[in-house]
Amino acid sequence: IKHPDNPYYHDSKVLEAIMDGGDALIDDQNPKGMWMFRKKDNSTWGDIYMPWTYSRWVRAFSLIKDAMPAERRARWEKALLLGYTGIAKNEVTTNVHNIPAHHAMGLYCAGKVFGREEWQKQAVDCLQKIIAEQQLDGYWSENVGPVVGYNFVYINSLGTYYGMSKDERVLPSLEKSAEFHIAATYPNGTVVETIDERQ
């Protein structure tokens, strides 16, 4: 959408669709900025700052904010600040796990968008801890052995952070991850499941 040769460049319908999506998220937020975690079978795990949703929402905001009408932009800013204040306080921890890793990447973006240097620093500190806990063979473990499926969450978090920051300290970790996944993938492209500690 950012390049003039893209047929959707500055397309008002695309902008409206994105804004409608964010508005729906705001309408569903609880007073803390959380949403109900609802699984595929319609069972629930309670309220959560859903990392996959928040990181994509704040990145979308970073792309469209200057094109948004002032009233809707202000509403989004209020809702994102509510959520990321809670995330900074409760979710970006020293615990090495795929969810804090993803939250840290989103918090870094939120810190850039809203000029919150303390959020950026908190995110970087968390991601450096994540990198330090990577196994020599290029994977992360959350119990015993590789957590192969969720390794993609760590890689996505670090790769997206690198795209925003150009922090070259991340590159050796990403390279080790790539080598691990080359070795842990069947010839047809399927991830080797027999060594995955959780899935």
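Q: Why is Ala104 called buried?
A: In this predicted model, Ala104 has 0% relative accessibility. Buried means under 20%, so Ala104 counts as buried.

Q: Where does Ala104 sit, and what is Ala104 in contact with?
A: Ala104 belongs to helix α4, which covers residues 98-114. Setting aside neighbours within four places in sequence, Ala104 is in contact with Val92, Ala123, Cys126 and Leu127.

Q: What makes Ser157 count as buried?
A: Again, it's the accessibility: Ser157 comes out at 0%, and the cut-off for buried is under 20%, so Ser157 counts as buried. You'll find Ser157 in helix α6, residues 148-165.

Q: What makes the pair Ser157 and His102 a polar contact?
A: A polar atom of the Ser157 side chain lies 3.4 Å from the backbone nitrogen of His102, and the limit for such a pair is within 3.5 Å. Leaving out neighbours within four places in sequence, Ser157 is in contact with His102, Ala101 and Met105.

Q: How do you know that the span of helix α2 agrees with its number of residues?
A: Helix α2 runs over residues 51-64, so it has 14 residues and should span 20 Å at 1.5 Å a residue. Its end C-alpha atoms are 20 Å apart, which agrees.

Q: Which residues of α2 are buried, and what covers them?
A: The buried ones are Pro51, Tyr54, Ser55, Trp57, Val58, Phe61 and Ile64. Their cover includes α1, β1, β2, α3 and α4.

Technical notes:
Residues are numbered from 1 along each chain as its sequence is written. This is a predicted model: local features need pLDDT of at least 70, side-chain atom pairs count only at pLDDT 80 or more; totals for chains, interfaces and linings use all residues. Side-chain values use heavy atoms; hydrogens and water are left out. Helices (H or I, at least four residues) and strands (E, at least two) are DSSP runs, numbered from the N terminus. Buried means under 20% relative accessible area, exposed over 50%, partly exposed in between (1.4 Å probe, protein chains only). A polar contact is a pair of N or O atoms within 3.5 Å; within protein, one must be able to donate a hydrogen and the other to accept it, and residues adjacent in sequence count only if both atoms are side-chain atoms. Contact means heavy atoms within 4.5 Å. The expected span of a helix is 1.5 Å times one less than its number of residues.
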